[in-house]
Amino acid sequence: MADGRGLRDADVVVVGAGPVGLAAAVHARAAGLDVLVVDRRTGTLDKACGEGLLPGALRAVQALGADPPGHPLTGISYRAPGRHADHRFVTGPGRGVRRTALHVALGERAAAVGAPLLYGRVTALRQDAAGVEVEVVPGSRAGETGEERAPVRLRAGWVLGCDGLHSMVRRLAGLDAGTGQRGGRPVPNRYGLRRHFEVAPWSDLVEVHWSPHAEAYVTPVATGVVGVALLGPRAVSGAGFDDLLRTQFPELSARLAPATSAGRLLGAGPLRRRSRRRSAGRVRLVGDASGYVDALTGEGVRVGLAQADAAVRHLADADAYERAWRAVTRDYRALTTGLLAWASSPARRAIVPAASRAPWLYGAVVERLAR
């Protein structure tokens with residue numbers, strides 16, 4: 001489009017077609033902006049994650065005009081051998097939603113509001129006072145074959161980097177700050193593995209099973225399917241899903257033994273990511289690309305969607321976006337950092353007993369995360 005300062009292919013180029021990128025595209029279209037979404041991946045996107053939309057996340061997805069199918073979630077249960085602490089949401093249910101179903105719903109919504117998708121790999125960013133040039137190597141659609149094509153250059157007013165933990169936009173913009181340190185020591189890397197099982201859900205709660213070295217998240221995502229996500233340090237998760245499930249969670253392993261595995265095993269990590277700041281010129285980092293602590297509290301989607309809204313509202317004001325980013329991520333960063341420190345300490349075994357002995361405190365934390 002002509003903007004008086006040259007030609008633009010779009011007002012906003014969104015890099016990353018996951019839930020956060022698609023949400024950013026919907027918000028930008030609602031603001032009257034021309035949008036182009038770029039992603040190197042084709043087809044329906046999947047990811048190793050817990051797949052639980054807490055009540056606040058579900059409301060945010062529905063506010064975008066999407067309503068993915070899934071299984072009702074009424075609360076969260078922390079569990080260890082012989083102990084458990086349950087809390088049911090007071091603001092209404094959440095929903096267990098397969099990541100593929102969430103992607104389809106948001107992708108259809110983005111297409112409906114006029115946000116086209118270009119398959120390609122971003123290889124360079126060049127900025128000036130009026131905009132950003134994005135170099136993209138186009139890819140092929142799912143099922144197509146052929147050699148990699150010559151790069152194309154897109155001109156945009158703004159670029160939103162919504163391209164996840166391993167964000168290329170974060171690196172190209174010079175905003176990557178590595179994985180961080182704690183007390184002058186490197187923070188141990190943690191990883192996630194996820195698999196689905198064909199079995200009737202036995203609870204409408206998200207179960208978080210705690211072992212001495214890992215956590216298992218059990219989320220009902222359909223009438224006959226549950227998702228199991230395992231989180232732990234590399235030394236533990238490197239054992240593989242089956243060995244980790246059997247050695248760290250024998251009761252859960254026995255319960256799932258008769259079930260059939262549904263779909264492929266996916267992994268993610270290292271989870272900890274930091275950015276120097278959230279903006280560089282006309283580039284904004286949004287969602288996991290802007291920084292990530294851990295998946296312990298299951299807040300990734302809600303926080304990412306809030307960032308997408310803030311990035312579009314404060315597109316022309318980097319300082320305002322930085323303040324908004326800090327506000328919408330504050331609870332997530334504080335609670336997740338605190339719980340991760342506890343879980344990484346010799347007092348890890350006390351987490352579930354403490355939640356069981358102080359249900360009012362456990363419930364307050366869950367409600368803070370679920371809002």
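A: Arg95 is buried, because its relative accessible area is 18%, where buried means under 20% relative accessible area, exposed over 50% and partly exposed in between (1.4 Å probe, protein chains only). This is a predicted model, in which local features need pLDDT of at least 70 and side-chain atom pairs count only at pLDDT 80 or more, while totals for chains, interfaces and linings use all residues. Residues are numbered from 1 along each chain as its sequence is written, and side-chain values use heavy atoms, with hydrogens and water left out.

The partner of Arg95 in a salt bridge is Asp67, with the closest N and O atoms 2.8 Å apart; the term denotes a side-chain nitrogen of Lys or Arg within 4 Å of a carboxyl oxygen of Asp or Glu. Arg95 belongs to strand 7 (residues 94-96), whereas Asp67 sits in the loop between helix 2 and strand 4 (71-73), 28 residues apart. Helices (H or I, at least four residues) and strands (E, at least two) are DSSP runs, numbered from the N terminus. Asp67 counts as exposed, because its relative accessibility is 52%.

By this rule there are 24 salt bridges. One of them joins Glu215 and Arg190 at 2.7 Å, N to O. Glu215 lies in strand 15 (residues 215-222) and Arg190 in strand 13 (residues 190-198), so the pair ties together parts 25 residues apart in sequence. Both Glu215 and Arg190 are buried. Lys47 and Asp288 form another salt bridge, their closest N and O atoms being 3.0 Å apart.
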